[in-house]
Amino acid sequence: MAFRTLVTKTSLRSSFEQIRGIQTTPFTLPDLAYDYGALEPAISGEIMKLHHQKHHQTYVTNYNKALEQLDAAVSRSDSTSIAKLHAALKFNGGGHINHSIFWKNLAPVAEGGGEPPKGSIGDAIDTQFGSVEALVQKMNAEGAALQGSGWVWLGLDKELKRLVVETTANQDPLVSGGSNLVPLLGIDVWEHAYYLQYKNVRPDYLKNIWKVINWKFASEVYEKEFPKT
Amino acid sequence: MSWACCSNICPSTSNFLAIGYDLKRFNGNKVSFPQAQRPKRRLSKSGRETDICAYYGLKTPPYELDALEPYMSQKTLEKHWGGHHHNYVEGLNKQLERNDVLYGLTMEELIKVTYNNGNPLPEFNNAAQVWNHDFFWESMQPGGGHQPVLGLLKQIEKDFGSFTNFREKFIEAALTLFGSGWVWLVLIKDEKRLAIRKTSNAINPIVWDEIPLMSLDMWEHSYYLDYRNDKSKYVNVFMNHLVSWDVAMVRIVRAQAFVNLGEPNIPVA
């Protein structure tokens with residue numbers, strides 16, 4: 001009787017893992033550096049909470065699940081299952097990658113959200129797009145025109161050494177457009193990112209999100225790729 | 001815009017927003033004029049052709065906007081039909097204004113032509129979404145759900161084993177769709193059987209020449225106001241309370257003009 005109560009679900013699982021030698025390093029939901037309500041009125045607290053705690057969490061959970069299944073399939077040398085898992089890995093893994101960047105792309109006004117970019121990235125923007133306003137117009141136009149779900153990105157093409165504006169569908173990460181692309185700024189244009197507040201008026205969401213965009217993060221990533229000499 | 005509605009289940013007739021033209025839409029079919037008889041463009045005072053034309057109208061759903069409460073709120077219908085669907089119609093009209101080649105096609109022809117075998121033309125998204133939403137509103141009814149009956153039920157049992165199995169498969173398809181899209185129950189003409197299809201964004205089974213019987217909109221705008229991210233609840237509510245098996249029955253009966261689903265019925269003299 002006592003033996004039976006000792007054998008709980010978790011202990012069974014860990015002993016199973018020990019036997020099979022699986023290294024499970026599950027991904028976890030990163031914390032936000034600000035409160036859910038801190039980005040108001042640009043993005044409502046209700047959206048931030050749902051977006052983080054439900055949507056992003058679901059991607060993380062399903063990503064871990066898919067990785068577990070991948071592990072098992074690899075151990076069985078089951079190529080069919082491995083191939084079948086690609087879509088789930090790309091979707092959920094991409095969702096995790098993209099949203100992790102997104103939270104860092106945003107900041108409350110009190111912490112620099114909305115402040116225009118300074119430093120070398122500011123110069124690059126002026127050179128390539130004319131001005132930050134012109135870049136914003138371009139990104140907003142592409143974001144509004146995106147059919148269905150996806151993201152609009154300001155990226156850095158490491159090879160060509162230039163900034164690019166790209167869109168990706170669903171949860172495809174920017175790197176799926178080219179391994180030389182580094183994401184600096186991403187804006188989520190899935191409906192869940194704005195619907196409760198802006199309803200079907202995506203252009204209004206795109207106009208307002210710039211008030212809480214954290215250019216400091218974009219600048220840091222840019223300067224890491226192109227350190228100031 | 002009038003909120004006129006039809007209380008019967010079948011797809012409603014509606015007047016088509018024609019400005020200066022005699023085009024009327026009967027039972028959803030567009031009357032197309034052969035080239036020779038194309039209506040003359042009305043000349044304005046200055047002698048130039050008028051550049052106002054309208055091709056498609058926003059068809060009202062066959063029920064009041066609050067008729068699907070509490071399963072699909074009036075607010076959702078107002079935004080979904082009045083906002084999204086409306087924008088697709090306006091967008092399509094604007095595009096057709098610029099493109100004479102596409103003028104005169106029926107909606108189904110327009111969808112197939114602009115789908116362009118998988119390399120869609122810019123008009124495809126708007127055209128397909130107009131059609132998709134018309135079809136979707138008609139796929140639901142107040143007091144919907146339950147089960148199909150008679151021939152449709154028999155066909156479902158034949159192709160899925162049981163209605164319960166079909167329901168499970170349909171819900172699974174809806175919940176495993178990545179991104180925006182639709183889930184469909186279709187009749188495959190050549191194979192004479194029913195199937196479930198998942199499509200992305202605006203794509204619909206018409207492009208593969210299949211006959212859709214019923215659809216579910218899985219774009220987030222369809223459920224987010226009422227269910228937030230709880231897709232499972234939305235899909236179950238749709239199956240239990242919204243889907244119109246009556247309309248699906250009408251559609252499969254109509255489809256049998258093109259597909260022979262059983263043994264031919266030869267009357268005995």
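Visitor: How many residues from chain B and from chain A does the contact take?
Guide: This is a predicted model, in which local features need pLDDT of at least 70 and side-chain atom pairs count only at pLDDT 80 or more, while totals for chains, interfaces and linings use all residues. Residues are numbered from 1 along each chain as its sequence is written, chains are lettered from A in the order in which they are written, and side-chain values use heavy atoms, with hydrogens and water left out. With contact meaning heavy atoms within 4.5 Å, the contact takes 17 residues from chain B and 18 residues from chain A.

Visitor: Which residues in chain B lose the most area to chain A?
Guide: Buried area is the accessible area (1.4 Å probe) that two parts lose on being put together, summed over both. Between chain B and chain A about 1800 Å² is buried, with carbon and sulfur atoms giving 56% of that area. On the side of chain B, 35% of what is buried comes together from the residues that lose the most, namely F178(B), E220(B) and Y224(B).

Visitor: Which residue forms a salt bridge with R228(B)?
Guide: A salt bridge is taken as a side-chain nitrogen of Lys or Arg within 4 Å of a carboxyl oxygen of Asp or Glu, and the rule finds one across the interface of chain B and chain A. The closest N and O atoms of that pair are 2.9 Å apart, and the partner of R228(B) is E46(A).

Visitor: Which element gives the most to the side of chain B that touches chain A?
Guide: Helices (H or I, at least four residues) and strands (E, at least two) are DSSP runs, numbered from the N terminus. Nine residue pairs, both residues at pLDDT 80 or more, are in polar contact between the chains, a polar contact being a pair of N or O atoms within 3.5 Å where, within protein, one must be able to donate a hydrogen and the other to accept it, and residues adjacent in sequence count only if both atoms are side-chain atoms. The elements of chain B that give two or more residues to this side are α1 (74-97) and α6 (224-227). With five residues, the one that gives the most is α1(B).

Visitor: Is H56(A) buried or exposed?
Guide: H56(A) is found in helix α3 (residues 45-75) of chain A, and its side chain makes a polar contact with that of H96(A) at 3.0 Å. Buried means under 20% relative accessible area and exposed over 50%, with partly exposed in between (1.4 Å probe, protein chains only). Because its relative accessible area is 0%, H56(A) is buried.
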